[in-house]
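Dear colleague,

Please find below the structure that I am handing over to you. My notes on what was found in it follow directly after.

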Amino acid sequence: MAIKFDHIASVLFLAVGVLFIVGSKQLDSSSYGSAVGPDIFPLILGSALVLLSIRLFYETFINKIHQGTKEKLQYKPFLIIFGATLVYILSLETIGYVISTFLFLFVCFQTMERSKVILSLIISAVFSGLVYFLYVEVLKGTLPDWPIWFL
């Protein structure tokens, strides 16, 4: 990527991260039936995004990128992942967190690298199941449950 794009992207990500942090401070610190409040994860994600955008901004000054070569933009993978994200958002409540997250991750992994189907299946299943277990069972949070037809 070009240095100019990295600078612009890092500033935009920094702004989004700051907005996440500010928005998380406006949420209640606890919710009924949950030990983890709704303000924790946006705060963590916003902080991570701010730190990563600062690092990206710093690295563009350190690394000299070839100015003469331009990468071809890959519209098809972007549109596939964007569409999968929309379907994920719309289907999260209907089919539950674990199934929708598994399908979303599998589609994204296969869009990025088609040759490793088994590895994509394993990573998608382990990640969605592990996050569900850690968040719901360990942290006592709430996520969309399994659909009725699945049980």
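From the N terminus on, the elements of the protein chain run α-α-α-α-α. The chain thus has five helices and zero strands, where helices (H or I, at least four residues) and strands (E, at least two) are DSSP runs numbered from the N terminus.

Two points on the source are needed before the details. This is a predicted model, in which local features need pLDDT of at least 70 and side-chain atom pairs count only at pLDDT 80 or more, while totals for chains, interfaces and linings use all residues. Residues are numbered from 1 along each chain as its sequence is written, and side-chain values use heavy atoms, with hydrogens and water left out.

The chain as a whole

Of the 151 residues in the protein chain, 26% are buried; buried means under 20% relative accessible area, exposed over 50%, and partly exposed in between (1.4 Å probe, protein chains only). The accessible surface of the chain comes to about 11,200 Å², and carbon and sulfur atoms hold 73% of that surface. These areas come from the Shrake-Rupley method with a 1.4 Å probe, and for residues only the protein chains shown count as cover.

Helices α3 and α4

Helix α3 (residues 75-95) packs against helix α4 (residues 97-112) at an angle of about 175°, with the axes 8 Å apart. Axes are lines fitted to C-alpha atoms, for helices over the stretch in contact, and angles run from 0 to 180 degrees between N-to-C directions. The two helices, α3 and α4, are therefore roughly antiparallel to each other; angles over 145 degrees count as roughly antiparallel, under 35 as roughly parallel, 65 to 115 as roughly perpendicular and the rest as oblique. On the α3 side, the residues making the contact include I80, I81, A84, Y88 and L92. On the α4 side, they include Y97, S100, T101, F104, V107 and C108. By class, this contact has 14 nonpolar, five polar and no charged residues. Here Ala, Val, Leu, Ile, Met, Phe, Trp, Tyr, Cys and Pro count as nonpolar, Asp, Glu, Lys and Arg as charged, and the others, Gly among them, as polar.

Helix α4 has 16 residues and reaches 22 Å from its first C-alpha to its last, close to the 22 Å expected at 1.5 Å a residue. That expected span is 1.5 Å times one less than the number of residues. The buried residues of α4 are Y97, V98, I99, S100, T101, F104, L105, C108, Q110 and T111. What covers them includes α3 and α5 (117-138).

Which residues does G46 contact, leaving aside its neighbours within four places in sequence? They are G17, F20 and I21. G46 lies in helix α2 and is buried, with a relative accessible area of 0%. Its C-alpha is 4.8 Å from that of F20, although G46 and F20 are 26 residues apart in sequence. V22 itself lies in helix α1 (residues 3-25) and is partly exposed, at 43% relative accessibility.

S53 is found in α2 (residues 40-62) and is likewise buried, with a relative accessible area of 3%. Not counting residues up to four places away in sequence, S53 touches S10, F13 and L14.

L43, also in α2, is partly exposed, with a relative accessible area of 26%. With residues up to four places away set aside, L43 touches I21, S24 and K25. The C-alpha atoms of L43 and K25 are separated by 7.7 Å, and the two residues are 18 apart along the chain.

E59 is a further residue of α2, and at 29% relative accessibility E59 counts as partly exposed. From C-alpha to C-alpha, E59 and H7 are 9.6 Å apart in space, against 52 residues in sequence.

With kind regards

Note on methods
Contact means heavy atoms within 4.5 Å.
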